[in-house]
Each structure stands twice: as structure tokens, then as C-alpha cells.
Amino acid sequence: MKTEFILDAALAIQRTILANEHTLESLDREIGDGDHYINMKRGASTVVEMQAELASLNPEAALNKIGLKLLSTIGGASGPLLASFFMSMSKSLKEHGDDSPTKIAAAFAAGVQAITQRGKANLGEKTMLDVLIPVAAQFESLAVLGHDAKFIANALSKTAETGMLSTKDLIATKGRAAGLGERAIGHIDPGAKSCQLMIEAVCQIV
Amino acid sequence: MKKFINKVDDILVESLSGFATAHADLVALNLNPNFLTRKNKARNKVAIISGGGSGHEPLHAGYIGVGMLDAACPGHVFTSPTPDQMLEAATAVHADKGILFIVKNYAGDVMNFEMAAEMLPFENATVLTSDDCAVINSTYTTGRRGVAGTVIVEKCVGSLAEAGADLTACKTLGDKVNIRTASIGVALTSCTVPAAGRPTFDLSVADLEMGVGIHGEPGRRREALREADAIVADCVEAILADFKTKNISTAQSEALLLVNGFGATPLMELYLLYNTAAQLFTQHGICITRSLVGNYTTALDMAGASITLCLLDDEIKQHWDSPVHTPALRWKM
């Protein structure tokens with residue numbers, strides 16, 4: 001992985017967040033507190049604004065810097081969750097290297113694992129993890145099988161969408177809709193939606 | 001929205017600056033990252049730090065001072081502070097005996113304080129407050145919410161730390177006070193977050209929200225407004241049921257009764273609520289020997305109030321009674 005790819009991914013993420021303002025806002029108004037789009041926009045813009053200082057760093061250092069920056073700018077629960085993802089991904093790359101799809105998949109999985117620990121949540125609780133956990137598992141298995149990057153990216157995009165849609169029928173036991181009980185059924189989780197959008201955007205530039 | 005505002009984005013810093021100037025004899029303010037400390041740094045004691053979203057004033061900065069907090073980290077309105085604030089505040093007040101964080105149980109606060117605790121180079125521990133017995137999960141929490149009972153935890157732990165106790169003892173007392181405290185709130189109107197510009201929820205003039213949280217998040221049920229005595233009776237019943245669930249006997253207990261305003265309910269009504277609550281608890285064999293009535297944990301401009309009962313033992317009583325000198329709570333010094 002090259003730092004250049006991280007910078008391109010940040011731009012792609014910002015583009016997709018801005019393009020989906022209405023979708024994210026209306027989903028969050030239904031079962032959250034309505035600030036998810038604003039937080040995601042602030043986070044994406046913050047990372048894009050860091051381009052110059054990130055460009056000179058290696059991927060592992062760049063991801064760590066992104067994590068720390070998000071930690072002090074986003075606030076709420078999203079800040080620590082996203083920061084934990086990037087900081088753990090960085091740590092994995094530092095320890096194991098970043099020169100193969102398997103190593104990148106392992107780093108992604110380490111990031112997702114950090115979110116489950118920080119949020120004390122798991123699959124099936126109507127959160128972004130319903131997208132991230134299946135994507136991480138598939139990423140690792142396809143990388144081990146030796147598929148090329150484009151093939152993996154296409155598959156992950158589809159898995160992300162399936163995961164996002166699965167949150168619609170779930171009762172929330174963690175995250176923003178946990179107080180709503182059955183009232184949240186029929187609504188897609190906004191965090192799962194923004195995660196799916198980001199994964200799709202990054203997969204498209206692979 | 002009708003509020004005293006210059007620019008919405010400047011509310012927090014302007015309010016913090018006013019607070020720090022008004023209480024310059026007690027507190028000092030640091031901006032970027034935002035935190036407040038005692039004016040004179042305490043020596044050789046566990047440093048007690050709290051924090052959370054703004055909009056609950058005087059919580060937490062109003063409780064900085066001798067006998068209570070060493071520092072407080074205010075986030076934006078109803079948004080948790082970030083770890084950089086806690087790290088710098090801890091570095092500023094650390095006095096060689098470790099740091100104790102007192103955190104209200106809200107997902108954002110818990111995660112941000114947790115990350116700060118992991119990154120902190122000093123020995124530290126955390127007391128999570130969860131006194132609200134209204135609901136188990138809510139918009140911002142997994143588990144019970146921490147509300148006005150947090151003031152009692154901060155007072156007692158602050159007193160013990162001032163007496164020179166170690167980190168473990170302070171944490172133990174904080175957990176004990178939390179478990180022996182139960183609260184429930186009622187909203188008569190919504191609050192309005194300045195950046196949002198409109199009420200957080202719709203509540204008709206004929207209704208109330210029973211079990212509301214301190215951000216206007218939903219409680220147990222929406223119901224028709226009734227006479228005060230009936231509302232208080234439901235609150236008292238919920239609190240007593242909570243102690244029963246926790247297997248803590250209330251019979252013949254001495255207790256502290258806190259009637260807390262949410263920001264837009266006059267003291268006259270708070271005392272009216274206190275009057276009924278004290279009578280009902282007494283009828284249940286509880287002896288109210290300590291009282292606090294006023295705006296101690298607010299929710300911006302929400303009309304409404306919460307009732308908190310803390311079951312006292314000799315240790316809690318001693319630390320509640322001990323001298324305290326902060327902008328919002330002061331006695332015996």
C-alpha cells in the first residue's frame with residue numbers, strides 16, 4: 001500500500017459523504033439524534049485537509065496520524081471508534097508490513113476488531129459492525145486465496161451493501177438506536193450506511 | 001429560538017470565559033484544548049477529574065475547588081469532551097497520587113475517557129455513574145444513564161481525596177455512592193440545543209415525559225400532566241423499586257434527598273416537589289437527614305426536575321458533610 005492511495009481514498013470518502021447528505025441525515029433523524037452527517041463531514045474534511053502533512057509519511061504513520069486527529073476533532077462516540085480503527089490498522093501495518101493484500105486485509109481486520117472492543121459491540125446489533133465484520137472476514141479469505149485487488153474490491157463492495165441492508169430488520173442492542181427497541185425495526189442504521197458508502201468509494205478507486 | 005447569543009459557534013468559549021472570570025478566585029481556564037482547574041494546584045492527593053458535554057451547568061466546572069474536583073473538561077453542548085482535553089487536564093493537576101476520572105455513563109463520554117485513560121502516563125482509575133433508574137438503554141447509552149447523582153459522587157470522592165486517601169479508596173467510595181444513589185427525571189418542556197435552533201423533541205402543553213434524560217432523550221413514557229403530588233409519587237415509587245431490584249434495603253435508612261431543576265423550573269416549584277417527596281420517603285421508613293434543592297445538573301432550558309435519593313452510611317455522611325468551597329457548592333469554609 002502507498003500513502004498516495006490513502007490520500008486518494010480520503011478524497012473519495014469525502015466525495016461520497018457530501019453526495020449522500022440527504023440519505024445520511026434522514027436515516028439519522030429516524031433512529032438517531034440527527035448529527036451523523038455533520039460528524040462524518042467534519043471527519044472527512046479534516047482528513048482531506050491533512051493531505052500536505054500526510055504525503056511525506058509512510059502508510060503506517062499516516063494512518064496513525066489520521067486516527068489521532070479524528071480523536072480530537074469528532075467527539076461523541078464516533079471519534080473514539082474511528083480513531084481506534086485507524087490506530088489499530090496502523091499498528092498492524094507497523095508490526096507485519098504493508099506489502100501484500102494479506103497484510104492489508106489483516107490490518108483492516110485489526111481495525112475492525114478494535115471497533116468491536118471499543119464499542120463493546122458485535123455482529124447483529126444494528127451498527128456499522130454489521131458492514132465491517134463481514135467485509136473484514138471476506139477481505140482476509142479472498143486475499144489468502146490470492147485473488148487480484150480489483151476482484152477483491154468488487155466482492156467487498158457487494159458484501160458491504162448486503163451488511164448495510166441487513167441492519168434494516170434488526171433490533172438495536174448497541175449504538176444510537178439502542179433505546180428504541182422494536183421501534184427501530186424497518187430502519188437502516190445510519191452508521192452502517194456511511195460505512196458501506198465509504199467502503200464502496202474506496203473499492204472503486206482500487 | 002430565543003436565547004442570549006452572539007454567535008452560535010462562540011457560545012461555549014464565551015460562557016467558559018465568563019465563568020472563569022466570575023470565579024477567578026477559585027478556578028483557572030485553559031483554552032485549546034478546553035479544561036478548567038483549581039486556581040491553586042493541590043499537592044499530594046489523588047487528582048479528581050470529571051467532564052462531559054456542556055449544557056448541564058453547574059456540572060462539572062461548578063464543582064471545581066477544595067473538597068471536590070481538581071479539574072473539569074467541558075465538551076461542546078451535549079457532546080463529550082475529547083481525550084486531548086483529559087490528557088492535558090490530567091498533566092496539569094496530577095499530584096503524584098494518581099488520577100480518578102468521574103464519568104457519567106454515556107457511550108461517547110465513556111469511550112473518550114477510556115482512550116484518555118489508556119494514553120495517560122499516570123496511574124488512574126474511573127468511576128462510572130449510572131444513577132438514573134428510568135431506563136436501561138437510551139439514545140446515548142448502553143446501560144443506565146449517569147445524571148444528578150453524579151454531584152453526590154463528586155462531593156464524597158472529592159472529600160476523601162482531600163483527606164489524603166489513595167486512588168483505590170477513592171474509586172471504592174465513588175462506586176459505593178453510585179450504587180446507593182437512584183434518580184429519575186420528569187420533563188415539562190423540551191430543551192433547545194443552540195446549534196440546532198429548535199426544540200429537541202415535541203411535547204404538548206398537556207403532556208410530560210416521565211423518566212427523561214438530561215439531554216431530552218426519551219424516558220419511560222409520555223403521559224398527561226397531572227397534579228404534582230401524583231407525579232412525585234410515581235418518581236418515589238420508581239426509586240424505591242430500584243433499590244429493591246439492587247437488593248439494598250431502604251427501611252430505617254438515613255438518606256440525602258436531592259431535588260434538581262433542569263434549568264427552566266423555578267425554585268418555588270422545586271421546593272413544592274421536595275415537600276411531597278420528603279413526606280413520601282418518610283412514610284416508607286426513610287429518614288431524610290440531608291437535603292439539596294436547586295439547579296445542580298441542568299439540561300439547558302428544559303422545564304422539569306429530577307429526584308435523587310442517596311442512602312447514607314457513616315462514611316458517605318462524613319464526606320457529604322465535610323467542608324467544600326466551589327463556585328456551585330460551598331459550606332463550612
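Modeller: Let's start with one pair: Ala187(B) stands opposite Gly304(B) in strand E12 of chain B.

Biologist: Before we go on, how are residues, chains and ligands labelled?
Modeller: This is a predicted model, in which local features need pLDDT of at least 70 and side-chain atom pairs count only at pLDDT 80 or more, while totals for chains, interfaces and linings use all residues. Residues are numbered from 1 along each chain as its sequence is written, and chains are lettered from A and ligands numbered from 1 in the order in which they are written.

Biologist: Thanks! Which strand joins E12(B) by seven bridges?
Modeller: That is strand E7 (residues 181-187) of chain B, and the two run antiparallel. Strands here are DSSP runs of E with at least two residues, helices are runs of H or I with at least four, and both are numbered from the N terminus. Two strands pair if DSSP finds at least two bridges between them.

Biologist: And how many bridges link E10(B) and E12(B)?
Modeller: Eight, again in the antiparallel sense, with E10(B) covering residues 254-261. Asn260(B) stands opposite Ser306(B) of E12(B).

Biologist: Why is E12(B) described as largely enclosed?
Modeller: Eight of the nine residues of E12(B) (residues 304-312) are buried, so the strand is largely enclosed by the rest of the structure. Buried takes 20 or more other C-beta atoms within 10 Å of a residue's own, exposed takes 12 or fewer, and partly exposed is in between, with C-beta atoms placed from the backbone.

Biologist: New topic: where does Gly53(B) lie?
Modeller: Gly53(B) is part of strand E3 (residues 45-54) of chain B. Gly53(B) is buried, with 24 other C-beta atoms within 10 Å.

Biologist: What does Gly53(B) touch?
Modeller: Leaving out residues up to four places away in sequence, its contacts include Gly75(B), His76(B) and Val77(B). A contact means that the C-beta atoms, placed from the backbone, lie within 7 Å.

Biologist: How is chain B divided?
Modeller: Into domain 1 (9-179) and domain 2 (181-331), with bounds from an automatic or database domain assignment. The centres of these two domains of chain B, taken over C-alpha atoms, are 21 Å apart. Their contact takes 41 residues from domain 1 of chain B and 43 residues from domain 2 of chain B.

Biologist: Which elements give two or more residues to the domain 1 side?
Modeller: Helix H4 (149-162) and helix H5 (167-179) of chain B. H4(B) provides the largest share of that side, eight residues.

Biologist: How many residues does each chain put into the contact between A and B?
Modeller: Chain B gives 19 residues and chain A gives 14 residues. On the chain B side, H3(B) supplies the largest share, five residues.

Biologist: What is chain A made of?
Modeller: Ten helices and zero strands. The radius of gyration of chain A, taken over C-alpha atoms, is 16 Å, close to the 17 Å that the globule rule (2.2 Å times the number of residues to the power 0.38) gives for 206 residues, so chain A is as compact as a globular protein of that length. Of those 206 residues, 53% count as buried.

Biologist: Last one: where in chain A is confidence lowest, and where highest?
Modeller: Helix H2 (residues 21-31) of chain A is lowest, at a mean of 88, and helix H8 (residues 129-144) of chain A is highest, at 98. That confidence is pLDDT, the predictor's confidence in each residue, from 0 to 100. The mean pLDDT of chain A is 93.

Notes: Two residues are in contact if their C-beta atoms, placed from the backbone, lie within 7 Å.
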